[in-house]
Amino acid sequence: MTEPRENLLEADFELGFTYTRSPGVIIGKFLAALQQQQIYGIRANDGTVLFPPTEYDPRTAESLHDFVPLTDLGRLLYWTWIDQPRDHHQISQPFAFAMIQLDGADVPFLHRMFADSAEHLSVGMAVKVQWAEQRRGAITDIHGFVTAEGEQS
Amino acid sequence: MDIDLDPIEQLDAPIYHRYHATSSRAITPFLHAMKRGELLGHLSTATGKVLFPPLGACPESGQATHMPVILSDSGTVLGFTTVHLPIPGSKLVPPFTVANILLDGADQACGHLISECEINAVAIGMRVTAVWRAKEIWNNSLENIEYFRPIAEPLVDIDELQKQCLIKANHRKKSAQGDQDA
């Protein structure tokens with residue numbers, strides 16, 4: 001009773017988890033500021049500046065409140081070049097997933113880095129935010145980063 | 001310093017998984033039978049139980065199942081749930097009732113909708129029969145049955161029903177194993 005291969009059936013289907021999240025007051029304010037093209041980190045208890053802000057101190061778990069305004073400039077630390085983006089990357093051009101440290105922040109964070117090719121990237125290069133055209137109060141309001149080499153900073 | 005802005009209170013964070021599924025060799029004959037309007041189960045020779053829908057293995061013994069059994073489209077309600085809240089992405093309009101239905105000749109209940117009766121009238125042991133969609137739109141799916149409706153038969157004592165099922169399964173098991181010995 002084994003079914004011949006040609007009789008097997010195939011179908012596409014999509015499983016969706018349509019979550020909405022409540023970010024809380026600290027992250028919520030950070031996101032509201034992003035929508036206004038303002039960038040804030042938060043000061044941890046040891047004086048270091050975290051970006052993106054966290055609600056609690058990663059070492060002591062105490063609540064954090066002291067936002068620190070940052071600029072849209074930073075440094076590229078390291079990256080993975082995505083030569084053939086797939087559907088879920090939502091970008092058709094090659095790009096990099098990059099660790100970027102904003103000027104004034106003490107820790108790097110992960111975002112997209114755009115360049116014509118991987119050869120245009122170098123460790124420590126100056127980068128700046130490219131804002132999304134439509135901002136809705138999400139980390140993707142920062143569309144990604146582009147080079148700021150040769151610009152005054 | 002503080003940020004003098006109203007915080008964002010909610011953000012959408014959906015996750016979508018896209019699959020391309022290929023039917024297994026066990027479930028493929030079941031899906032083809034659905035298109036013909038037949039309910040195809042599998043007999044487990046290890047337990048004598050008739051499994052529907054057939055997934056290719058007997059959950060009790062773990063053995064592969066192959067022997068096809070065509071089942072009746074009538075059965076008995078073993079349990080049910082009435083849903084009053086809408087389910088995101090579902091075509092069903094609440095309130096509706098989902099039941100575990102033991103088809104006549106099967107030893108494993110399958111889930112389906114109950115309709116054509118008041119929600120409060122659904123009961124354990126109620127006899128039901130399938131209401132099929134128009135033949136022209138039958139496809140390879142259990143959705144060819146739109147829902148089950150009650151039939152005018154007395155309520156069944158499901159403990160007694162399950163006892164009888166087990167006796168019959170034991171007979172089938174013995175005769176299946178006798179066939180193997182012969």
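This report walks through a predicted two-chain model, chain by chain and then across the interface.

## Ground rules

Since the model is predicted, local features are reported only at pLDDT of at least 70 and side-chain atom pairs only at pLDDT 80 or more, while totals for chains, interfaces and linings use all residues. Residues are numbered from 1 along each chain as its sequence is written, chains are lettered from A and ligands numbered from 1 in the order in which they are written, and side-chain values use heavy atoms, with hydrogens and water left out.

## Chain A overall

Chain A has 1 helix and 10 strands, where helices (H or I, at least four residues) and strands (E, at least two) are DSSP runs numbered from the N terminus. The order from the N terminus is β-β-α-β-β-β-β-β-β-β-β. Its radius of gyration is 20 Å, well over the 15 Å that the globule rule gives for 153 residues, so chain A is more spread out than a compact globule. (That radius is taken over C-alpha atoms, and the rule is 2.2 Å times the number of residues to the power 0.38.) The C-alpha trace spans about 70 × 40 × 30 Å along its principal axes.

Of the 153 residues in chain A, 39% count as buried; buried means under 20% relative accessible area, exposed over 50%, and partly exposed in between, with a 1.4 Å probe and protein chains only. The accessible surface is about 9,100 Å², with 48% of it belonging to carbon and sulfur atoms (Shrake-Rupley method, 1.4 Å probe; for residues, only the protein chains shown count as cover). On the charge side, chain A carries 11 positive and 21 negative side chains, and the centres of the two sets lie 5 Å apart. Here Lys and Arg count as positive and Asp and Glu as negative, leaving out His and the chain ends, and each charge is placed at NZ of Lys, CZ of Arg, CG of Asp or CD of Glu.

## Chain B overall

Chain B comes to 2 helices and 10 strands, running β-β-α-β-β-β-β-β-β-β-β-α from the N terminus. With a radius of gyration of 21 Å, well over the 16 Å from the globule rule for 182 residues, chain B is also more spread out than a compact globule. Its C-alpha atoms fill a box of roughly 85 × 40 × 40 Å along the principal axes.

In chain B, 36% of the 182 residues are buried, and the chain exposes about 10,600 Å², 54% of it supplied by carbon and sulfur atoms. The mean positions of its 15 positive and 21 negative charges are 13 Å apart. Among contacts (heavy atoms within 4.5 Å) between residues at least 6 apart in sequence, 58% join residues at least 24 apart.

## Helix α1 of chain B

Helix α1 of chain B covers residues 27-36 and is mostly covered, with 7 of its 10 residues buried. Those are B:Ile27, B:Thr28, B:Pro29, B:Phe30, B:Leu31, B:Ala33 and B:Met34, and they pack against β3 (39-43) and β9 (127-132) of chain B. After the helix comes B:Gly37, with a positive phi near 85 degrees.

## Where the chains meet

At the interface, 31 residues of chain B are in contact with 39 residues of chain A. The two chains bury about 3,300 Å² between them, 59% of it on carbon and sulfur atoms; this is the accessible area (1.4 Å probe) that two parts lose on being put together, summed over both. On the chain B side, B:Met1, B:Ile3 and B:Arg25 lose the most area to chain A, together 21% of what that side buries.

A:Pro23 sits in the loop between β2 (20-21) and α1 (24-35) of chain A and is buried, at 14% relative accessible area. Leaving aside residues up to four places away in sequence, A:Pro23 touches A:Gly28, A:Leu31 and A:Glu55, plus B:Ile8, B:Glu9, B:Gln10 and B:Leu11.

In chain A, one joins A:Phe51 and A:Pro52, with omega about -5 degrees, and A:Pro52 lies in the loop between β4 (49-50) and β5 (67-70). In chain B, one joins B:Phe52 and B:Pro53, with omega about -10 degrees; B:Pro53 is in the loop between β4 (50-51) and β5 (67-71).

A:Gln37 has phi near 60 degrees, is found in the loop between α1 and β3 (39-43) of chain A, and counts as partly exposed at 39% relative accessibility. B:Glu116 also has phi near 60 degrees, in the loop between β8 (110-114) and β9 of chain B.
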